[in-house]
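Trainee: I would like to learn how to read the features of a model like this one. Where do we begin?

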Protein chains: 2
Amino acid sequence: MAILPPFGDQDFYSKMRDLKWSSTEKTIARRCFDRALQQDLDAAIQSTKEMAAKIRQASELWELEHHLTQLRKEIDRKYQYKYSTLVLFFADLVREGKLDPEDLRRLSEDKLRHIRRHAGQSAA
Amino acid sequence: MAILPPFGDQDFYSKMRDLKWSSTEKTIARRCFDRALQQDLDAAIQSTKEMAAKIRQASELWELEHHLTQLRKEIDRKYQYKYSTLVLFFADLVREGKLDPEDLRRLSEDKLRHIRRHAGQSAA
């Protein structure tokens, strides 16, 4: 889930809602979103295979069940494609090193400024 | 879960509650119960490893989660160690071929008669 905007930035969400996304920007956004989702799903598949291969006793079956439930909830919460939250979503991905800022360079300057600000770095 | 006694056998459960279990019988019952549980858990571990190894896409992760939840509920429902239901439990196992009637031969004749009757065979 995207981090909250800094305290005092009360109109942040209204600013986000007011951003206009061109068709080119929507294409870029969708591609980056889908790629990040696929990376997380691939990691989930890999961790699940590794856990399952190591199971020796019943309690580890239910640990795997819990692991899968947590993964599903986390992915459902994180990946919600809404234009009003995409900027924070991309900022999170950049900060976590999961998205190359270069992939976003064709977004408008106002969006990149918000992403840089919330990612806490100047690379975007 | 144990099958229901035949219609008309209204006092079946009170008969089961009235059965006395000697310490030898309790040892036999516990050993058969634990062995059947372990067989089901081993099968659950095996099926889970096979499902996990075949996962190629995310939807199969959530199928595995569902599979584990169903397994856990089924095992929790099936394996309840209560003397009032052990006779039906063993009858089910015998009918399913998961318990050798020979393993029960040191139970009292009244218990074996109930088990034979509900297993629908004369082997016990």
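**Reading the interface and the chains**

Mentor: Begin with one pair: in this predicted model, the side chains of B:Glu65 and A:Arg72 form a salt bridge, with N and O 2.7 Å apart. A salt bridge here is a side-chain nitrogen of Lys or Arg within 4 Å of a carboxyl oxygen of Asp or Glu. Residues are numbered from 1 along each chain as its sequence is written, chains are lettered from A and ligands numbered from 1 in the order in which they are written, and side-chain values use heavy atoms, with hydrogens and water left out. As the model is predicted, local features need pLDDT of at least 70 and side-chain atom pairs count only at pLDDT 80 or more, while totals for chains, interfaces and linings use all residues.

Trainee: How many salt bridges does the rule find across the interface of chain B and chain A?

Mentor: The rule finds two across that interface. Polar contacts are counted separately: a polar contact is a pair of N or O atoms within 3.5 Å; within protein, one must be able to donate a hydrogen and the other to accept it, and residues adjacent in sequence count only if both atoms are side-chain atoms. Between chain B and chain A, ten residue pairs are in polar contact, both residues being at pLDDT 80 or more.

Trainee: Which elements of chain B give two or more residues to the side that touches chain A?

Mentor: Helices and strands are DSSP runs, numbered from the N terminus (helices: H or I, at least four residues; strands: E, at least two). The elements in question are α2 (23-54) and α3 (58-78) of chain B. The largest share, ten residues, comes from α3(B). By class, this side of chain B has 13 nonpolar, three polar and five charged residues. In this scheme Ala, Val, Leu, Ile, Met, Phe, Trp, Tyr, Cys and Pro count as nonpolar, Asp, Glu, Lys and Arg as charged, and the others, Gly among them, as polar.

Trainee: How is the extent of the interface expressed?

Mentor: By residues and by area. Contact means heavy atoms within 4.5 Å, and 21 residues of chain B are in contact with 21 residues of chain A. Buried area is the accessible area (1.4 Å probe) that two parts lose on being put together, summed over both. Chain B and chain A bury about 1700 Å² between them, with 75% of it on carbon and sulfur atoms.

Trainee: What rotation and shift superpose chain B on chain A?

Mentor: In general, two copies of a chain are related by a rotation about an axis and a shift along it. Here the rotation is 180° and the shift along the axis 0.0 Å, with an RMSD of 0.0 Å; the superposition is by least squares on the C-alpha atoms of residues with pLDDT of at least 70 in both copies. The two copies are therefore related as by a two-fold rotation axis. In chain B, the C-alpha nearest the axis belongs to B:Glu65, 2.7 Å from it. The same surface serves both copies, as 100% of the contact residues of chain B recur in chain A.

Trainee: What of salt bridges within a chain?

Mentor: Over all chains, the structure holds 22 salt bridges. One of them joins the side chains of B:Arg35 and B:Asp103 (2.8 Å, N to O). This pair links distant parts of the chain, 68 residues apart: B:Arg35 lies in helix α2 of chain B, and B:Asp103 in the loop between α4 (86-95) and α5 (109-119) of chain B.

Trainee: Is B:Lys78, which forms a salt bridge with B:Glu96, buried or exposed?

Mentor: Buried means under 20% relative accessible area, exposed over 50%, and partly exposed in between (1.4 Å probe, protein chains only). B:Lys78 counts as buried because its relative accessible area is 16%, whereas B:Glu96 is partly exposed at 41%. The closest N and O atoms of this pair are 3.9 Å apart. In chain A, the residues A:Asp40, A:Lys78, A:Glu96 and A:Lys98 are linked in a network of salt bridges.

Trainee: How many helices and strands are there in chain A?

Mentor: Chain A has five helices and zero strands. Of its 124 residues, 40% are buried. Among the contacts in chain A with a separation of 6 or more, 67% are between residues 24 or more positions apart.
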